[in-house]
Amino acid sequence: MKVYEKLMEVKDEDYKEFQAKLVPNISPDLIIGVRTPQMRSVAKDVFSSDERDTFLEELPHKYYEENLVHFFILALIKDFDECVRRVEEFLPYVDCWPVSDQATPKSFKKNHERLLPYIKKWIASDHVYTARFGIRMLMNEFLGEDFKEEYLELVASKKGDDYYLKMMVAWYFATALAKRYDEAVKYIEERRLDEWVHKKSIQKAVESYRVTDEHKEYLKSFR
């Protein structure tokens, strides 16, 4: 059974309407209406089937959920070289924020040194969702032990007018304010971010349960 058929078996019309509102840049005709747990289940089935490679090579996919399943499958690939090659093949076809945001390849965690050059390349991309994915990987993987202050500048210097790109930069800085406050707060104090991103970063940090009340009050003074 093909991925499309598997998805059609678990579609939910009400959920389709909800999804269509979440991703206004995707035609509702291209949304089947499948919840994330079901998509992950389909991805697991396909990952361990003979259909896997055929599906991964059938690009571009037609439906929104096919793209999500595609990334969920990639996230399961344990071999770093294969995973990152497949990710690079797929990123040009990512056309909305949920597909960019939902999956995090497991193999990335154990291969930070090898991953970093790819992240830098993705962030430099003119393709919004490739850049967004690169920033998210930097946020997910490099705000812990492997953090370097230069990574903040890498994100701050990413310019573009696209809403979903700017929102990702703000999300990165709000997370950095939770995890790397002393280094990240300088970007707020010195107003080194674009005005919209500056305000959105503060808003998201103030809404975060991971930022202390004291830090929230201080950040509010820079609104």
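## Salt bridges and overall fold

Student: Which residue does Glu-13 meet in a salt bridge?

Tutor: Lys-11. The side chains of Glu-13 and Lys-11 meet in a salt bridge, at 3.6 Å from N to O. Keep in mind that this is a predicted model.

Student: Is Glu-13 buried, partly exposed or exposed? And what about Lys-11?

Tutor: Glu-13 is partly exposed, with a relative accessible area of 46%. Lys-11 is partly exposed too, at 40%.

Student: Why would such side chains pair at all?

Tutor: Side chains of opposite charge can pair when their charged atoms come close.

Student: OK, what does Glu-190 pair with?

Tutor: Arg-192. The closest N and O atoms of that salt bridge are 3.0 Å apart. Glu-190 counts as partly exposed at 48% relative accessibility. Arg-192 is partly exposed as well, at 36%.

Student: And which residue forms a salt bridge with Glu-195?

Tutor: Arg-191. Their closest N and O atoms are 4.0 Å apart. The cut-off is 4 Å, so this pair sits at the limit. Glu-195 is partly exposed at 44%, and Arg-191 is partly exposed at 39%.

Student: How many salt bridges does the count come to?

Tutor: The count comes to 21 salt bridges.

Student: Which residues are linked in a network?

Tutor: Arg-52, Asp-53, Glu-57, Glu-82, Arg-85, Arg-86 and Glu-89. Salt bridges link them.

Student: What about charges over the protein chain, how many positive and negative side chains?

Tutor: There are 37 positive and 42 negative side chains. The centres of the two sets lie 3 Å apart.

Student: Switching to the fold. How many helices and strands?

Tutor: The protein chain has 14 helices and 0 strands. Read along the sequence, the pattern is α-α-α-α-α-α-α-α-α-α-α-α-α-α.

Student: How compact is the protein chain?

Tutor: As compact as a globular protein of that length, because its radius of gyration is 19 Å, close to the 17 Å that the globule rule gives for 223 residues.

Student: What box do the C-alpha atoms fill?

Tutor: Roughly 55 × 40 × 30 Å, taken along the principal axes.

Student: What share of the residues is buried?

Tutor: Buried residues make up 51% of the 223.

Student: And contacts between residues 24 or more positions apart, what share is that?

Tutor: They account for 69% of the contacts with a separation of 6 or more.

Student: Last one. What does the accessible surface come to?

Tutor: About 11,300 Å² for the protein chain. Carbon and sulfur atoms hold 48% of that surface.

Technical notes:
Residues numbered from 1 in each chain as written. Predicted model: local features only at pLDDT ≥ 70, side-chain atom pairs only at ≥ 80, totals over all residues. Heavy atoms only, no water. Helix = DSSP H or I, 4+ residues; strand = E, 2+ residues; numbered from the N terminus. Rg over C-alpha atoms; globule rule 2.2 N^0.38 Å. Buried < 20%, exposed > 50% of the residue type's maximum accessible area, 1.4 Å probe, protein only. Contact = heavy atoms within 4.5 Å. Areas by Shrake-Rupley, 256 points an atom, 1.4 Å probe, with all protein chains shown as cover. Lys, Arg positive; Asp, Glu negative; His and termini not counted. Charge placed at Lys NZ, Arg CZ, Asp CG, Glu CD.
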